[in-house]
Amino acid sequence: MKLLIINGPNLNLLGIREKEIYGKQSFDVFYKNLISKFPDINFEYYQSNIEGEIINKLQEKGFSVDGIILNAAAYTHTSLAIADAIKAIKTKVVEVHISNIFSREKIRHKSLIAPYCKGSISGFGLKSYELAVRSFL
Ligand code: DQA
């Protein structure tokens, strides 16, 4: 099984950025540990701060991989273009968030991508990604 994890803007700063919300661990360290837990899964990881690059990646991989785990970060709340890309591709996408977006500012309560995703996981810290992986098994 091939799974692609896509992280959106500012998630390259995990472990440095707003640690009280997103934790102390860098994604690199977490990712190494995650892939070691699922030796039968072929993982790919992509991060971009740029909306169009995330769309390009969804289009590039969205007809070949078995699942996509997407943390679109702030684009979750703003990007109709990413929502359209998820709608356009064949591969199922699971939305993830490290923080519980529903317990934060009102502007974060709305996800434009959620209606086109297989499901959404929010609020379990980096564990949200592991739960998303398990949802594909
Ligand atoms: C986030 C939540 C978003 O509201 C925020 O803009 C992020 C990260 C999360 O993982 O909790 O950058 O997607």
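The model is a predicted one, in which local features need pLDDT of at least 70, side-chain atom pairs count only at pLDDT 80 or more, and totals for chains, interfaces and linings use all residues. Residues are numbered from 1 along each chain as its sequence is written, and side-chain values use heavy atoms, with hydrogens and water left out.

E18 is not a glycine, yet its phi is positive, at about 30 degrees. With a relative accessibility of 36%, E18 counts as partly exposed; buried means under 20% relative accessible area, exposed over 50%, and partly exposed in between (1.4 Å probe, protein chains only). The loop between β1 and α1 (19-22) also holds L14. Is L14 buried or exposed? L14 is buried, because its relative accessible area is 3%. Which residues does L14 touch, not counting those up to four places away in sequence? They are Y22, Q25, S26, F27, I98 and L126, where contact means heavy atoms within 4.5 Å. For a sense of distance, L14 and E130 are 116 residues apart along the chain, and their C-alpha atoms are separated by 16 Å.

A search of the whole structure finds eight aromatic pairs. F27 and Y31 form a stacked pair, 6.1 Å centre to centre with 20 degrees between the planes. Here rings of Phe, Tyr and Trp (its six-membered ring) pair if their centres lie within 6.5 Å; planes under 30 degrees apart count as stacked, over 60 as edge-to-face and the rest as tilted. F27 and Y31 are both buried. Ring pairs also gather F27, F30, Y31, F38, F43, Y45 and Y129 into a cluster. Another ring, that of Y46, has the charged end of K57 over it, 4.7 Å from the ring centre; a charge sits over a ring if NZ of Lys or CZ of Arg is within 6 Å of the ring centre and within 35 degrees of the ring normal.

Now for the interior. In soluble globular proteins, nonpolar side chains tend to be buried together. The largest nonpolar core here has 23 residues, and those with the most contacts inside it are I5, F27, F43, I69, Y129 and V133. Such a core is a set of buried Ala, Val, Leu, Ile, Met, Phe, Trp, Tyr and Cys residues joined through side-chain atoms within 4.5 Å. At least two residues of this core come from each of β1 (2-7), α2, β4 and α5 (127-135), and the largest share, four residues, is from α2. Apart from this core lies another, of 18 residues, among them I6, I54, A85 and C117. As for I5, leaving aside its neighbours within four places in sequence, I5 is in contact with F27, Y31, L34, F43, E44, Y45, Y46, I69 and Y129.

Let us turn to strand β4 (residues 93-97), where five of the five residues are buried. In a regular strand the side chains alternate between the two faces of the sheet. V93, E95 and H97 are on one side of β4 and V94 and V96 on the other, and all are buried, which leaves both faces covered.

What are the partners of β4? Strand β3 (residues 67-71) runs parallel to β4 and is joined to it by three bridges, with I68 standing opposite V93. Strand β5 (residues 119-122) also pairs with β4 in the parallel sense, over four bridges, and S120 in β5 is the bridge partner of E95. Two strands pair if DSSP finds at least two bridges between them.

Finally, β3, helix α4 (residues 80-88) and β4 make a right-handed β-α-β unit; a crossover is right-handed if, with the strands pointing away from the viewer, the path from the first strand over the helix to the second runs clockwise. A85 is found in helix α4 and counts as buried at 5% relative accessibility. Leaving aside neighbours within four places in sequence, A85 is in contact with I55 and L58.
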